[in-house]
Amino acid sequence: MSDETTKPASPGGGGQQVVIVGAGMAGVQTAVALREQGWTGGVLLLGAEAHQPYDRPPLSKAVLLGKADGSAFDVDFAALGVELRLGVSVTGLDTGARRLETSSGPVPYDVLVIATGAEPITLPGAEGVPGVHLLRTLDDAERLRPVLAGQREVVVVGAGWIGAEFATAAREAGCAVTVVEAADRPLAGALPAEVAAPMAGWYADYGVELVTGARVAAVDEEGLLLGDGTRLRADAVVVGIGARPATGWLAGSGVELAADGSIAADEGLRASAPDVYAVGDCASFPSARYGERLLVHHWDNALQGPRTVAANVVGSRTAHFTGSVYDPVPYFWSEQFGRFVQYAGHHAAAELVWRGDPEGAAWSVCWLREGALVALLAVGRPRDLAQGRKLIERGARLDRARAADPSVPLKSAVL
């Protein structure tokens, strides 16, 4: 059998090149999906970091605690025919000339996929202060490793998902941990007050001090000064107050951004410029399922979106292609304070239904809109999540009373 017969049949590509900006999950999976779906043209993957492309979730646990040296993707880029250029920062885009401006010179493209992800929001006045850390990259995790290994005093700013996960790892390492949150509860931007309120007790149960309603007035080498004059001394301050799409470099490019700074992609993850796509944390998309534009900063979105991008890149080079639509049920998980927390869907403007006692070890919350399940949060109830996710995808309507009974399987509550 000749080499030619072992190659996948190509619906297009030829001598054209796809350039992917960003070598995180979304960028790497786009490169893989392009080859899986038959793209035979060039694929160039640009990464700003010097490290081999890696997965981020292990950074907040295994890498921090020294249980893993890294989390590089198990992808043979050479075998896939993907050119990988690392340590290259992208600084601008000329969509008319189809050219990227980078730290290593201009890079032309035929098709561009933007997968630059999100960048952490910094704490004003904290830049350059010794002992202040972010947790977004492998280098960040490596800098924090000795802090945890030394069982130091740590203050975390922000009681969101990443703050809780870091506080969990720091406690497991034997650190004294205080978490400072500007809102009156954890996860204030992610969950309704009545759902987030029981989670505040998880901090104390795990030996973490949670200070809510606290404004940071100043940061120095010794720790934090709060707005009420309280001084919190710390060997390290870890800032986890959110992230924003890494799209500043697109200024003047003509690529349309949404109000939140994300690339305003269409239902096929196409950007406003010809042959430009956007995927992952940097892109928002219109959801017919939820009737609004969604910006999803979670791992599963970076895993699933690339398949749609690849289908549309490859399909656009063929006749009679109608396009692939991206409208997922968002999903994420978090391991914190000895609990496994999972969430699926989007709960805006929906009726909340408790399923179990939130003071207990395992419980769920369902959100119904006109009787249909649209979102679900599961704490220690993975079966609820697995069943609920499928029901959300189907648009299934539930009997409210049966859905509220934790002894009834969710699938048995369907009307």
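**Figure 1. Contacts across the whole chain.** Among contacts (heavy atoms within 4.5 Å) in the chain between residues at least 6 apart in sequence, 61% join residues at least 24 apart. This is a predicted model, in which local features need pLDDT of at least 70, side-chain atom pairs count only at pLDDT 80 or more, and totals for chains, interfaces and linings use all residues. Residues are numbered from 1 along each chain as its sequence is written, and side-chain values use heavy atoms, with hydrogens and water left out.

**Figure 2. Overall build and surface of the chain.** Nine helices and 26 strands make up the assigned elements of the chain; these are DSSP runs (helices H or I, at least four residues; strands E, at least two), numbered from the N terminus. The radius of gyration is 23 Å, close to the 22 Å from the globule rule for 415 residues, so the chain is as compact as a globular protein of that length. That radius is taken over C-alpha atoms, and the rule is 2.2 Å times the number of residues to the power 0.38. Along the principal axes, the C-alpha atoms fill a box of roughly 65 × 60 × 45 Å. Of the 415 residues, 49% count as buried. Buried means under 20% relative accessible area, exposed over 50%, and partly exposed in between (1.4 Å probe, protein chains only). The chain exposes about 17700 Å², with carbon and sulfur atoms supplying 49% of it. Accessible areas come from the Shrake-Rupley method with a 1.4 Å probe; for residues, only the protein chains shown count as cover.

**Figure 3. Charged side chains.** The chain carries 35 positive and 48 negative side chains. Lys and Arg count as positive, Asp and Glu as negative; His and the chain ends are not counted. The centres of the two sets lie 5 Å apart. Each charge is placed at NZ of Lys, CZ of Arg, CG of Asp or CD of Glu.

**Figure 4. Helix α1 and its cover.** Helix α1 spans residues 25-36, twelve in number. From first C-alpha to last, α1 reaches 16 Å, close to the 16 Å expected at 1.5 Å a residue; the expected span is 1.5 Å times one less than the number of residues. Ten of the twelve residues of α1 are buried, so the helix is largely enclosed by the rest of the structure. Among them are Met-25, Val-28, Val-32, Leu-34 and Arg-35. Their cover includes β1 (17-21), β2 (42-47), α2 (77-80), β3 (82-86), β7 (111-114) and α7 (299-315). Just after α1, Gly-38 takes a positive phi of about 100°.

**Figure 5. Thr-247 in its loop.** Thr-247 sits in the loop between β17 (243-245) and β18 (263-264). Thr-247 is buried, at 6% relative accessible area. Leaving out residues up to four places away in sequence, Thr-247 touches Leu-257, Gly-261, Ile-263 and Cys-282.

**Figure 6. Ala-97 and Val-374.** Ala-97 belongs to the loop between β4 (90-94) and β5 (99-102). Ala-97 is partly exposed, with a relative accessible area of 41%. Val-374 is 277 residues away from Ala-97 along the chain, and 43 Å separates their C-alpha atoms.

Figure 7. Asp-275 has a phi near 55°, a positive value in a residue other than glycine. Asp-275 lies in the loop between β18 and β19 (276-278) and is partly exposed, at 22%. Phe-337, also not glycine, has a positive phi near 50°. The loop holding Phe-337 runs between β22 (331-336) and β23 (339-345). Phe-337 is buried, with a relative accessible area of 2%.
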